[in-house]
Amino acid sequence: MAKQPHLLVEPGEVNDVALLPGDPDRVDRIAGHCENVDVLAENREYRVVNATAHGTDLTICSTGIGAPSAAIAVEELAAVGVETFVRVGTAGALQAGIEIGDMVVATGATKDEGTTRRYEADTVPAVPDYEVLDALVAACEAADEDVHVGPVATDDAFYAETEEYVAEWEAAGVQAVEMEAAAIFSLARRTGLRSGAICTIDGNLVEGTQKGETDDEELPPKARNNVERAIEVALRAAASL
């Protein structure tokens with residue numbers, strides 16, 4: 001199959017490194033930090049563009065919400081030549097003291113989702129590539145950003161994150177909860193490719209704050225502002241890979 005059925009891209013059209021936001025509109029926000037922006041395709045939750053940042057050509061592709069659609073994006077991008085995947089998203093903090101707007105770089109992800117179970121056992125870890133992880137942490141430190149480095153939870157059910165779930169994740173030292181990293185990490189590892197994830201905190205479930213509850217926008221103002229800084233960190237990390 002030459003053209004991929006969901007992303008509508010073909011071999012030779014994409015670059016080696018892809019940034020993966022969830023929100024299609026965030027593709028445009030990332031592209032706003034870049035040069036030579038070229039829209040490749042738009043279909044369903046997927047928006048795909050090529051761009052250049054810090055002298056490096058890269059691809060930016062939205063994944064939509066959740067592990068199933070993220071897995072489709074990784075599968076189809078891998079089929080047409082992408083070798084490194086960097087999730088650039090948002091997450092809810094699971095530890096007291098992690099503030100809205102802080103950044104979390106994931107060292108691994110719990111598999112509280114169903115997609116990876118179709119590929120492998122739950123006991124197989126969902127972990128990023130070390131070089132990508134190291135590049136993200138180094139880019140945060142170089143920019144003097146507040147960054148928390150540790151595991152995240154990948155969960156399918158946004159509205160089923162009960163107090164019991166939160167308490168269990170908190171006790172385990174999990175830094176934040178999001179909805180795509182486990183699938184991205186697992187599929188990249190299974191195909192011998194690289195992956196990583198950086199997320200901006202949009203609320204703290206331990207402290208009782210969630211995105212959208214105090215503002216007409218999905219993200220609080222501080223998180224909106226700091227997403228831009230996380231984008232720049234991710235672009236600098238991508239340029240070093």
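How many of the 11 residues of strand E9 (residues 194-204) are buried?

## Strand E9

This is a predicted model. In it, 10 of the 11 residues of E9 are buried, which leaves the strand mostly covered.

Two strands that pair with E9 can be described in turn. Strand E5 (residues 84-93) runs parallel to E9, and 10 bridges join the two. In this pairing, Val86 stands opposite Gly196 of E9. Strand E6 (residues 103-112) pairs with E9 in the antiparallel sense, over three bridges. Here Met103 has Thr200 in E9 as its bridge partner.

## The whole chain

The protein chain contains six helices and nine strands. Its radius of gyration is 16 Å, close to the 18 Å that the globule rule gives for 241 residues, so the chain is as compact as a globular protein of that length. The C-alpha trace spans about 45 × 40 × 35 Å along its principal axes.

Of the 241 residues, 52% are buried. The chain exposes about 10300 Å², and carbon and sulfur atoms supply 46% of that area. Among contacts between residues at least 6 apart in sequence, 76% join residues at least 24 apart.

## An aromatic pair

A search of the whole structure finds two aromatic pairs. In one of them, the ring centres of Phe158 and Tyr159 are 4.9 Å apart. Their planes meet at 75°, and an angle over 60 degrees counts as edge-to-face, so this pair is edge-to-face.

The two residues can also be described by their accessibility. Phe158 is partly exposed, with a relative accessible area of 32%. Tyr159 counts as exposed because its relative accessibility is 80%, and the cut-off for exposed is over 50%.

Technical notes:
Residues numbered from 1 in each chain as written. Predicted model: local features only at pLDDT ≥ 70, side-chain atom pairs only at ≥ 80, totals over all residues. Heavy atoms only, no water. Phe/Tyr/Trp six-rings, centres within 6.5 Å; stacked < 30°, edge-to-face > 60°. Buried < 20%, exposed > 50% of the residue type's maximum accessible area, 1.4 Å probe, protein only. Helix = DSSP H or I, 4+ residues; strand = E, 2+ residues; numbered from the N terminus. Pairing = 2+ DSSP bridges. Rg over C-alpha atoms; globule rule 2.2 N^0.38 Å. Contact = heavy atoms within 4.5 Å. Areas by Shrake-Rupley, 256 points an atom, 1.4 Å probe, with all protein chains shown as cover.
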